[in-house]
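Hi,

Here is the structure I promised to pass on.

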Amino acid sequence: MTKGAEHTGFHPKSHYRSGRDSLADDFFAPCIREASLYRRAAGYFSSSALLAWIDGLPRAALKMLSIRLISSPMISEADRRTLMALDDEHARAAYRAIVVDRILEEIADLALSPNDMAIRARVFAWLIANDRLELKFAFPEHLDEPGIFHEKFGIFDLEGGGRIAFTGSANETTGGHSRNYESIDVYCDWLLGEQDRVATKAEQFDETWAGEAAGLAVVTPSAKILDRLRQNADWPFVEPTPQEKSDEPAEVDPRWRHQDEAVAAFLENPAGILEMATGTGKTRTAIKILAHLVSEGAINCAIVTMEGTDLLEQWAGELDAWNLDGGPKWLIYRHFSRYHEMGDFLVDPGNTLIVVSRGQLARLLPRLPDRIKAKALIIHDEVHGLGTPSLVASLAGQHAAFGWRVGLSATPDRAYDAEGNDFINSELGPTLYRFPLERAISRGVLSEFDYQPLAYDLTDGDRERLRLVYAKKAARLREGRPMGNEELWTEIAKVYKTAEAKPEIFEEHLRVAPEILNRSIVFVETIEYGERILASIHRRTHRYRTYYADDDRDHLIAFARGDIDCLITCHRISQGIDIHSLNAVILFASARAKLETIQRIGRCLRIDPTNPGKRALVVDFVRPGGEADAIPNADQERNAWLMELATVRKGDHHGA
């Protein structure tokens, strides 16, 4: 036995195959832990595949291991045709460099995105910046119409001496490790008869790496793109400080004790709702619950559900970070937007978690056996959304078998919907804990804010629109299909939310206070109404974008990283975004029910670590009441509430 085998105590088998072996746990992880250098030829990669490959490596080893990775870039058919059409070698070389840099530019952009890919991208950038990862890309040229560089092998140079080589189909991804059926053959240079095989693989890799392999053009990423990656190269996981590593307990910031209070309240009664103001850490609280239940062995499966791609992406990212940074290393599936992994989850839900859109629960929950549910946790974020009529009809009784179920919301109450509220309580349980805005501001968990109401009134055109709503109500009654109260109130409210006078009042206010647009989100009722205020914003700044549809998602990313200052949107951004540098929200539209307003102002009340003196601003449009009004209108009710809330100061006593 050689020095390498003696040092590691690891004796790999000559062959590993899915079904019989765990390629991740039985082979890749032990080798990576013991290696100082990992040379890998790994088929072909896109930007997302590169990140998945890095994510599959044990994170604890990445700071000690040096990696040389050579692969074939996944290119479009158009790029392939362009390369084939170029006769000049210099032109082909230049175009190959463009293709390679384009892949890495996507990763540099992802490192700044407000979603789950950012963590992977920042790990990737950190490895580049700290010389832990070197990349090269191979373009076959051995034929007139070549395919891709598709070799799959690797060599581990062990810290204690000795080398392990392998060849086979598996990649260091979740698919390569677990979902796909893969196999590899393994050779160790301390075993008789295998020295030549290991040496051949090492020479084969080194020849390719040096650009000396016949029929291959090898491209190194440009210095420019590597420098850009280095700009976003902070290690994205919190490292324990020496004090935290000691036996002395780390000091806990008392401002955030409400999270532990909420966890304790839930663990005493494992079915109920945690009512916590936006920005006070509902996600972190739920992950604390999840971590506790996993550590106690109470659960071996979890479902996290809500609506909205932004919020789902944000949750998936938080769960990835927890899972990688001391979590149970479960498989985390996604079933929303472009992800379709429900089937994989249902095949074997043990030691797994799925982040799924709430609209898909009617397909998921009935297919999950009660014995699985009994040792599972289901987390409903923005739980008020569970009470919609379609979900009431399709999910009745589906939660009872879960051993643990928790709902999260800034306010779980569905205004004017007693049936929806009763359904939520029957499925998930009562409210177990409350931490409202007043307590959060007074404790310093959220920032103080100024409130600026702008008065408006209805125009003759607005009054005509109201008259048409009531005419429609009368016509429907004559037809025998009367309007319900909620439908009537919605149509009336839309007239006020799109009042004709508001854009001009906004323009007048911007003349004296243009600074309100700096790091602001403007909430409007409709895209058409948003168009009416764009000219006013454009006169003050060009650093603005709209965010209405999925096509505008890049605008949200640009806003999150500070490339633009102002975002104009409808309801989509009311929940599921965490941008601490946001200073102001401007409410052209907000509902009578407090929930939507709490979510919207909560966007700018988050404290900013880079701006300890942050004071937020809420700009609101308020219609004064008339003498004949029997009760305050919706704007007046919101105005009175926000005026009072804006008087709360850090240190005030609000049940803190």
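Predicted model: local features only at pLDDT ≥ 70, side-chain atom pairs only at ≥ 80, totals over all residues.

Let me start with a loop: Asn351 sits between α15 (342-347) and β12 (352-357). Helices here are DSSP runs of H or I with at least four residues, strands are E runs of at least two, and both are numbered from the N terminus. Asn351 is not a glycine, yet its phi is positive, about 55°. Its relative accessibility is 45%, so Asn351 counts as partly exposed (buried is under 20% relative accessible area, exposed over 50%, partly exposed in between, with a 1.4 Å probe and protein chains only).

Residues are numbered from 1 along each chain as its sequence is written, and side-chain values use heavy atoms, leaving out hydrogens and water.

Arg519 also has a positive phi of about 55° without being a glycine. Its loop lies between α23 (502-512) and β17, and Arg519 is buried, with a relative accessible area of 8%.

β17 brings us to the sheet. Six strands make an open sheet with parallel pairing, in the order β16-β21-β20-β17-β19-β18 (strands pair if DSSP finds at least two bridges between them). β16 (449-455) and β18 (544-547) are at the edges with a single partner strand each, so one side of each has no neighbour in the sheet. β16 runs parallel to β21 (residues 616-622), joined by seven bridges, and Ala455 has Val622 in β21 as its bridge partner. Helix α27 (residues 634-645) packs on the sheet, touches β16 and β21, and its direction makes about 160° with that of β21 (axes are lines fitted to C-alpha atoms, for helices over the stretch in contact, and angles run from 0 to 180 degrees between N-to-C directions).

Then there is helix α26 (residues 594-602): seven of its nine residues are buried, so α26 is largely enclosed by the rest of the structure. Its buried residues include Leu595, Ile598 and Arg600. Among the elements covering them are β17, β20 (584-587), β21 and α27, with contact meaning heavy atoms within 4.5 Å.

Last, a helix pair. α12 (residues 257-268) and α13 (residues 282-295) pack at about 50°, axes 9 Å apart. Residues in α12 that meet α13 include Phe266 and Leu267, and those on the α13 side include Ile289 and Leu293.

Cheers
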